[in-house]
Structure formats: C-alpha cells, structure tokens
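Here's a quick, friendly tour for anyone meeting this structure for the first time.

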Amino acid sequence: MQPSRPGRPDPRAQAQQAQLAASLAGAVDLAAVKARSEAAARAQAAPPPSPGAPAGAPGATVVDVTEATFQTEVLDRSFQVPVVLDLWAEWCGPCKQLSPVLERLAAEGGGSWVLAKVDVDANPTLAQGLRVQGIPAVKAVWQGQLVAEFTGAIPEEQAREFVTELVRATTGGAVPGGGEGQPAETEDPRLDAAEAALERGDLAAAEAAYQGLLDEEPDHPVAGLALRQVQLFRRADEAGPDALVRADAAPDDVDAQNRAADFLLGNGDVEGAFNRLLDVVRRTSGEDRDKARRHLVELFGIVGDQDPRVGTARRQLTQALF
C-alpha cells in the first residue's frame, strides 16, 4: 500500500500494471498489510539475485520452485526484483520450446529479474492456487502480487519484450540487451509518514496521513487508493472474526453483512466477500439492496478491475439487479 521503495509494498503497482502488454491476474492474494510487510522484511535480509550462481540454486537468476520454497523464492524475492514464473511439465512440447528462451533471457538479465520454474505435475496445489489452465504458462510477480501473464509458447522477440516491459514498469530499470530503461518515477516524500505508520501497524495514523495528503492534493496518484485500502483494513480489524458469526445470525441485517464482507476482504477472501454481498442483493429490495450494492461497488474499487474476480462479480451483480 506504500510507494515504491526497495523491499516495500507498492500501491502504485496497479498503475504500473496498466503499462504491461499482458492480462492481469489475482490468483495469489497478499492483501494483508502485515503479511506484505513481513515478506518485504525477509526480502531485505536475503541476498540479491546472483547471475553467477548455479541455475536452480537459491538466490540465482533461474531457480526451481516448489510449494515449500514458493514463499521465499517467489513472493519474498519479488520485493527485490520482479519474478517470472515458468509453469511447465515434462510431457509439454511447447514448454520445451519456451523454457530455454526464458532461461537465456534471465541469464542475460544480470539479476534485473528472476525466473522461477514450477513443475506443475510435481506441485499440483501450487498450480491450482495460481489458476493454471494451460501450459506453458508465464506469470509475473512484483511485490507479492501477480501483475502480468501469458499462456503458450511465444517467439523469443516477444518474450524479450515481455520481460523488458516488466522490469521497466516495476523498477524503472533496464534489462541488459533489452533496450534503454525509462527513468524511475520520482518519490513523493509526503508519503513517508503514512508508510512509516503502516510499517509499525498503526492504521489510524496511516489513514490520517493519507487523508492529509489528499486534502492538499485531491488528485494524488497514490494516496486515494491507499486511503481506501487502509480504511478497509481498519474496518476489517474492528469487525473481527465475530462479524461472520453475527452476520450469519442476522441474514437480513445489511450492515452486519457489510461488516462481514469487510472482514473477509481484509483477510484476503475476495470471492467470499463478493459472494456474501451478491447474496444480499439477490434476496433484498429497496434501500437494503441499494446499501449492499453500494458497498459491493466500493469493494470492487479497492480490489481493482484488473482482478478477474471483479469482472465476474460485476457481471453477477448486473444479473442480480436486472
């Protein structure tokens, strides 16, 4: 939820993602601020990718990843450099065409990005969590979030363009052999107070800092979304797990259902939050229906239209209303 700094989460990721010529995905959800901060801290303590390390070794630019090492080698590492997942299987012919290309590009990249290879047959749970529907599948991870993907073997020129644009959009750097990089976005020091508050877990102070910045600059490119996200986490913390019990005991209480949805979303259950409010919309009318609808649309804005679950839920909402 903070501006882009080495080893720190980045609320600008959604704007950067739009620059990538690939579809976005939300299969891995690290929405919780604490989880993201912990991952960033681990990444700061880890050594940077080493072009000279043997392929497959931890910390190398090309690593073999399992369910046991995914957290360290993919999620934590993505707070240092973008990580490109190569999802493959031994029986897959197109995989044998694409994988060597990606490995060569990673070696040329000199540590500007990491290639993480995942055997989907050996790691079925991981493949399911990443919503792999066909291989070869390539998914890019930056600061704990999936930001771009494509499926199928593509020519080396297109693969090179993919990783070059990925590095430019996420770190502002250049890939050796991939053309000149673009200047990194200038940091806004006014975000420091909010960032420091988030790092110490003080959501109230972070909210106040973001609100103060918006009072000065209503169209600030980072603070608006960051404020909505922090407000969600505050509501989720205030609701607590008892919100689900209270909502289930009072299915006609829309406010209780809204609080339960906040708790679910704040703890990473995107579909659970959406489905709970969709159910309310389907079985209510008048002001109750409109209250649930407005809250659901607010949650759509927090998750972002780049997440496919938002598109699915929007279609379901339209069907429920009309």
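## Starting from one arginine

Let's begin with Arg276, which sits in helix α12, a stretch covering residues 270–283. Keep in mind that we're looking at a predicted model.

Is Arg276 buried or exposed? Its relative accessibility is 17%, and the cut-off for buried is under 20%, so Arg276 counts as buried.

| Side chain | Partner side chain | Polar contact distance |
|---|---|---|
| Arg276 | Asp248 | 3.1 Å |
| Arg276 | Gln257 | 2.8 Å |

Leaving aside residues up to four places away in sequence, Arg276 touches Asp248 and Gln257 along with Leu244, Ala247, Ala260, Ala261 and Leu264.

Now for the pair of helices next on our tour. Helix α10 spans residues 242–249 and helix α11 spans residues 254–266; they pack at about 145°, with axes 8 Å apart. The crossing of α10 past α11 is left-handed. On the α10 side, Ala243, Leu244 and Ala247 take part, and they meet Ala256, Gln257, Arg259, Ala260, Phe263 and Leu264 of α11. Sorted by type, the residues of this contact come to 7 nonpolar, 1 polar and 1 charged.

Zooming out, the protein has 14 helices and 5 strands. It runs to 322 residues, 51% of them counted as buried.

How values were computed
Residues numbered from 1 in each chain as written. Predicted model: local features only at pLDDT ≥ 70, side-chain atom pairs only at ≥ 80, totals over all residues. Heavy atoms only, no water. Helix = DSSP H or I, 4+ residues; strand = E, 2+ residues; numbered from the N terminus. Buried < 20%, exposed > 50% of the residue type's maximum accessible area, 1.4 Å probe, protein only. Axes fitted to C-alpha atoms, helices over the stretch in contact; angles between N-to-C directions. Left-handed = near helix turned anticlockwise from the far one by under 90°. Contact = heavy atoms within 4.5 Å. Nonpolar A, V, L, I, M, F, W, Y, C, P; charged D, E, K, R; others polar. Polar contact = N/O pair within 3.5 Å; in protein donor to acceptor, adjacent residues only side chain to side chain.
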